[in-house]
Amino acid sequence: MLLQDKVAVVIGAAGGLGRSIALGYAREGAKVVCADLREFPSPAGFEEDMQVATHQAIVHDGGQAIYVPCDVTQTEQVTGVVAAAVAEFGRLEILVNSAGVFTGLGGIETKTDGDWDHTMAVNAKGVWNGAQAAITQFLAQGAGGKVVNIASVGGVVGLPLEPDYCASKGAVVNLTRQLGIDYASRGINVNAICPGAFRTAMARAAWDDPQVREATTAAHPIGRWGYIEEIAGPAIFLASDLAAFVCGQILAVDGGATAA
Ligand SMILES: NC(=O)c1ccc[n+]([C@@H]2O[C@H](COP(=O)([O-])OP(=O)(O)OC[C@H]3O[C@@H](n4cnc5c(N)ncnc54)[C@H](O)[C@@H]3O)[C@@H](O)[C@H]2O)c1
């Protein structure tokens with residue numbers, strides 16, 4: 001198993017991509033701290049077992065996991081999650097930043113200060129908070145570690161009518177590169193994944209609108225949206241020793257969308 005006995009924090013683990021990553025890490029032998037604002041998946045999501053919290057699913061399958069409530073915009077709550085991981089499992093080796101929000105499609109003239117502030121607080125500051133808490137712990141332990149940031153194709157190309165979202169994900173992409181170089185020599189690998197369109201609660205409105213759904217499908221050369229299970233493999237790779245020489249990189253998992 002690729003993550004045997006590793007201790008991982010997944011922020012944004014309640015549903016969608018974070019849930020798939022947490023479950024994938026546990027299948028690879030990791031002990032997982034599932035952090036999120038909510039314990040259970042959003043009813044807007046596509047999970048078939050949404051009455052089961054992510055940590056419960058892991059424990060049910062024989063793994064080790066706990067849930068820790070966390071608002072990723074609040075620095076002390078994020079450091080609290082890392083402290084909880086250390087208290088429960090003794091150390092921290094992996095942190096995934098998957099919490100995110102999307103305020104909806106609209107030109108900048110339709111967006112409010114609140115849209116910008118909320119998007120930047122969760123998607124950008126949240127990733128900053130997670131990386132800072134994890135790297136501080138990794139440095140104290142002195143044995144390296146892995147940070148996996150979930151950015152978006154919207155962090156490397158402009159997506160129509162997503163100004164606040166694209167700005168926040170661009171921040172994640174370049175923060176990843178920056179942290180990747182600062183800590184490479186200390187065995188800390190900071191990398192990001194840029195997902196294309198996946199069916200999750202966040203993408204519910206796009207999926208439910210036939211026009212947007214079709215346009216989104218057409219933007220992916222593979223000819224379909226991603227299945228959330230397809231994010232786990234790349235996230236496992238970046239959290240594993242297989243990625244020891246991968247530093248500050250941005251991996252698109254997007255059915256070819258940004259290669260087109
Ligand atoms: N679904 C897609 O098509 C897609 C595409 C590109 C990038 N992403 C990114 O993937 C990540 C996961 O999104 P998803 O698609 O799984 O959506 P999702 O809505 O299913 O999951 C997001 C999770 O983040 C949590 N969250 C929101 N605000 C939070 C906060 N302040 N503190 C802690 N947790 C908070 C939510 O409760 C939820 O469980 C996000 O960063 C998103 O931007 C998604």
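Of its 73 residues, Val9, Val10, Tyr25 and Val32 touch the most other members. Buried here means 20 or more other C-beta atoms within 10 Å of a residue's own; 12 or fewer is exposed, anything in between is partly exposed, and C-beta atoms are placed from the backbone.

Before you go on: this is a predicted model, where local features need pLDDT of at least 70 and side-chain atom pairs count only at pLDDT 80 or more, while totals for chains, interfaces and linings use all residues. Residues are numbered from 1 along each chain as its sequence is written.

Now pick valine 9. Leaving aside residues up to four places away in sequence, valine 9 touches Val33, Ala35, Val81, Val82, Ala85, Leu92 and Leu95 (contact: C-beta atoms, placed from the backbone, within 7 Å).

Next, colour the strands (DSSP runs of E, at least two residues; helices are runs of H or I, at least four; both numbered from the N terminus). Seven of them form an open sheet in the order S3-S2-S1-S4-S5-S6-S7, with parallel pairing (a pair needs at least two DSSP bridges). S3 (65–69) and S7 (250–253) stand at the edges with a single partner strand each, so one side of each has no neighbour in the sheet. On average, neighbouring strands are turned by 20° against each other, direction ignored (axes are lines fitted to C-alpha atoms, for helices over the stretch in contact; angles run from 0 to 180 degrees between N-to-C directions).

Zoom in on S6 (residues 188–195): eight of its eight residues are buried. Ile188, Val190, Ala192 and Cys194 point one way, and Asn189, Asn191, Ile193 and Pro195 the other. S6 pairs with S5 over six bridges and with S7 over four.

Now show the ligand. Which residues come nearest? Of the 29 around it, Gly16, Ala99, Gly100, Thr200 and Met202 do (C-beta atom, placed from the backbone, within 6 Å). H1 (residues 16–27) gives the most to this shell, with three residues.

Last stop: leucine 161, in the loop between S5 and H5 (163–183). Its phi is near 65°, a positive value in a residue other than glycine.

Methods: Core = buried A, V, L, I, M, F, W, Y, C linked by C-beta atoms within 7 Å. Contact = placed C-beta atoms within 7 Å.
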